[in-house]
Amino acid sequence: MNIPDIPQLVADYERDGVVRIPLFLSADEVTAVRAELDRYIRDDLAAQPVDARTFEKDEKTVRNLWRLEKYSTFFRQLGEREDIRALIAPLVHGDPILAGVETFSKPARIGSGVPYHQDNAYFCQMPPDMLTVWIAIDAVTEANGPVFFIKGSHKDGMQPTKPSGVRGNSIGLAEPPSVSLSEQFCGLLEPGDATIHQCETIHHSAPNTTDFSRLGLLLVYRGSHTQTDPKLKEAYAAAVAATPPA
Ligand SMILES: O=C(O)CCC(=O)C(=O)O
């Protein structure tokens, strides 16, 4: 990993709720991740429970892989790497626990969009010391559905939600924010680069209509001190019951 200036990273993260880290993974590590994802989808996925994945509308192309930390030794070991945990610890204000490894695969031509949301509507943790490392496996361009983040939105707490009806992103913001797209931070990344966003930072992404896949690998961590908030959990349970599995 290209080790960033940690005090600067922490200051930027606390202020903006999102930071970009160039070369989070090396080219060789990106190649290894891609190979393991291909192998897992080819050899293992069909035997896993249905909550291991969400398909796109064609019912066969992967939109998301979920719970890879449970189903793949390779991804559990990646998520538990000590250098990554050391980077995450000051951002979650405590001992980092790997809470999930997943993909937002955004395949070429049919990759679906992700509605405006705050991840804590899914994670339901208080205090909100939880975050996602979003690692580009493919290049993320303006055209293939980059993630847009509203800097500073994590400071306003949880916003009202509503079920979105989108498979894989069942709960979204009740109202889209008033911040225009041009004022939002666009996560343009080369393979191996990453963004880290706090779980209450508002973000979204558009469908991928290009011929180029936009595969992202996500590592999710929480501080060991966080606890499940029953009210958030109730709203999430209702949304996920309408459009399972996430
Ligand atoms: O990859 C995307 O398009 C959306 C990712 C996302 O919603 C997340 O990281 O929570």
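## Ligand shell

Sorted by class, the residues that form the shell around the ligand comprise 5 nonpolar, 4 polar and 2 charged residues, in a model that is predicted. The residues concerned are F104, K106, V114, D119, T132, W134, V147, H203, S205, G216 and L218.

Three strands, β7 (130-136), β13 (203-205) and β14 (216-223), each contribute at least two residues to this shell around the ligand.

## A sheet that includes β13

The strand β13 also belongs to an open sheet of 4 strands, in which the order is β5-β13-β8-β11 and the pairing is antiparallel. Because β5 (114-117) and β11 (185-186) stand at the edges and each has a single partner strand, one side of each is left without a neighbour in the sheet.

Between β5 and β13 the antiparallel pairing runs over 2 bridges, and V114 stands opposite S205 in β13. Both V114 and S205 are listed among the residues around the ligand, where the shell also takes in H203.

## The chain as a whole

The secondary structure of the chain amounts to 7 helices and 15 strands. With a radius of gyration of 17 Å, close to the 18 Å that the globule rule gives for 246 residues, the chain is therefore as compact as a globular protein of that length.

Of the 246 residues in the chain, 45% count as buried. Among the contacts with a separation of 6 or more, 84% are accounted for by residues 24 or more positions apart.

Key:
Residues are numbered from 1 along each chain as its sequence is written. This is a predicted model: local features need pLDDT of at least 70, side-chain atom pairs count only at pLDDT 80 or more; totals for chains, interfaces and linings use all residues. A residue is near a molecule or strand if its C-beta atom, placed from the backbone, lies within 6 Å of it. Ala, Val, Leu, Ile, Met, Phe, Trp, Tyr, Cys and Pro count as nonpolar, Asp, Glu, Lys and Arg as charged, and the others, Gly among them, as polar. The radius of gyration is taken over C-alpha atoms; the globule rule is 2.2 Å times the number of residues to the power 0.38. A residue is buried if 20 or more other C-beta atoms lie within 10 Å of its own, exposed if 12 or fewer, and partly exposed in between; C-beta atoms are placed from the backbone. Two residues are in contact if their C-beta atoms, placed from the backbone, lie within 7 Å. Two strands pair if DSSP finds at least two bridges between them.
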